[in-house]
Amino acid sequence: MPYQEIRRMIVEVDEEQLTEPMIQNLVKHLPEQEQLNALAKYKNEYSNLSEPEQFGVVMSSMKRLRPRLSHILFRLQFEEQVNNLRPDILAVNAACEEVRKSRAFGRLLELVLLLGNYMNAGSRNAQSYGFDLSSLCKLKDTKSADQKTTLLHFLAEVCEEQFPDVLKFVDELEHVDRASRVSAENLEKSLRQMEKQLQQLERDLETFSSTDDPNDMFLTKMAISFHIYAHEQYGKLVIMHSNMETMYQNLLEYFAVDPKKTSVEELFTDLSNFRSMFAQALKENHRQRELEEKQRRARAAKEKAEREKQERQQKKRRLLEVSAENDETGVMDSLLEALQSGAAFRERRKRVPRPRGCGALGLLSSLNWIGLHRMMDRWWLATQV
């Protein structure tokens, strides 16, 4: 870009062409005014100068270059500063109002106090009237005997089962997370810096004399359009910040918090962390119940399978016993028939040899001794009839 074009952009305060990084670099590397004045003496030897010297000669032709650049940079950064400060102030205001007016959060504090007094019964902390809000995050540090759950998990379970309305506080305190990232100290510093820049702009506008350059729009744009707008926006931020401090102080007084020991970010960080931990405890309780239900179903299915297996085995044994009795009865009937017909007393030499195990005698050989005794007893009784 030609040096004269850069000069034109600065003189006319051309916001469409000027960028924040450009002005920042110019301010950062700008030579001292004495050096610029020394370079201005060589404007007639411009072509013989090096590029940095040529650039210095062109820039030196503008009156009060450093304050001019500083105020242009302030103008370019102003909207961003306002857009950064306003949401922070609004977030703290909203968080203060939510914490103060949330009935669900108040009920939760009652339950925590009740649990604490019950657990501290008989100690010097018994029957306390209140507790520090920073203690809420310490509920997670109190664990059960088996180290598997915490007092926070117990509190979440009690709220879910008996006081479901208390769970609403997680949604009601939606701005505490945003407020926890706000630094009250940085807010004050930014507002003081903005005030100083506005005051310096006012002083420079009063002493800034008009130049012979008809294209010089610094006084027109900075005094008429920007200064009035910036002063108005700054006044609104100051009022909002003052209201924020009042609401915060009232909140600290309401919860008996020492303002000298607790900052804005510390208070809302504790509340934001507790809110997140409570929501996480609810999820972990749900997962634990689902796991226990899954294990219960698995045990029930295993027990059912065992019962069915035992029933099948018992049924199989009964079938085998019935089958054995039927086999014994069939063999006995064949033996009686052979005895009554006399076939059992025929000469063996007249019979064609049969394979072992065939006929009545063959069937006898396949029985065990206990079965043989039973059959003989039945046969003996049958012959007595």
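Is Phe226 buried or exposed? Phe226 is buried, at a relative accessible area of 5%; buried means under 20% relative accessible area, exposed over 50% and partly exposed in between, with a 1.4 Å probe and protein chains only. The model is predicted, with local features needing pLDDT of at least 70 and side-chain atom pairs counting only at pLDDT 80 or more, while totals for chains, interfaces and linings use all residues. Residues are numbered from 1 along each chain as its sequence is written, and side-chain values use heavy atoms, with hydrogens and water left out.

View 1. Helices (H or I, at least four residues) are DSSP runs numbered from the N terminus. His71 counts as buried because its relative accessibility is 5%. The side chains of His71 and Asp204 are joined by a polar contact of 2.4 Å. Such a contact is a pair of N or O atoms within 3.5 Å; within protein, one must be able to donate a hydrogen and the other to accept it, and residues adjacent in sequence count only if both atoms are side-chain atoms. With neighbours within four places in sequence left aside, His71 is in contact (heavy atoms within 4.5 Å) with Gln200, Leu201, Asp204, Phe218 and Met222.

**View 2. Aromatic pair of Phe74 and Phe226.** Rings of Phe, Tyr and Trp (its six-membered ring) pair if their centres lie within 6.5 Å; planes under 30 degrees apart count as stacked, over 60 as edge-to-face and the rest as tilted. The count by this rule is 12 aromatic pairs. Phe74 and Phe226 form an edge-to-face pair, 5.5 Å centre to centre with 80 degrees between the planes. This pair links distant parts of the chain, 152 residues apart: Phe74 belongs to helix α5 and Phe226 to helix α11 (residues 218–254). Phe74 counts as buried, at 2% relative accessibility.

**View 3. Aromatic pair of Tyr248 and Phe268.** The ring centres of Tyr248 and Phe268 are 6.4 Å apart and the planes are at 45 degrees, so the pair is tilted. Because Tyr248 lies in helix α11 and Phe268 in helix α12 (residues 264–341), the pair ties together parts that are 20 residues apart in sequence. Tyr248 is buried, with a relative accessible area of 5%, and Phe268 is buried, with 0%.

**View 4. Cluster of linked rings.** Ring pairs join Phe105, Phe169, Tyr254, Phe255, Phe274 and Phe278 into a cluster.

**View 5. The second largest pocket.** On a 1 Å grid over the protein atoms alone, a pocket is an open set of points with protein on both sides within 12 Å along at least five of seven lines, whereas a cavity is a set of points where a 1.4 Å probe fits but cannot get out; lining residues have an atom within 4 Å of a point. Grid points are joined across faces, edges and corners, and a volume is the space filled by probe spheres set on the points. The second largest pocket has a volume of about 390 Å³. Its lining has 17 residues, of which Gly116, Asn120, Phe131, Ser135 and Leu139 lie nearest the centre. Helix α6 (residues 103–119) gives the most to this lining, with 6 residues.

**View 6. The largest cavity.** The structure holds 1 cavity of 30 Å³ or more. The largest cavity has a volume of about 40 Å³. Lys140, Leu152, His153, Met277, Gln280, Ala281 and Glu284 line the largest cavity. Helix α12 gives the most to this lining, with 4 residues.

Terms used
Helix = DSSP H or I, 4+ residues; strand = E, 2+ residues; numbered from the N terminus.
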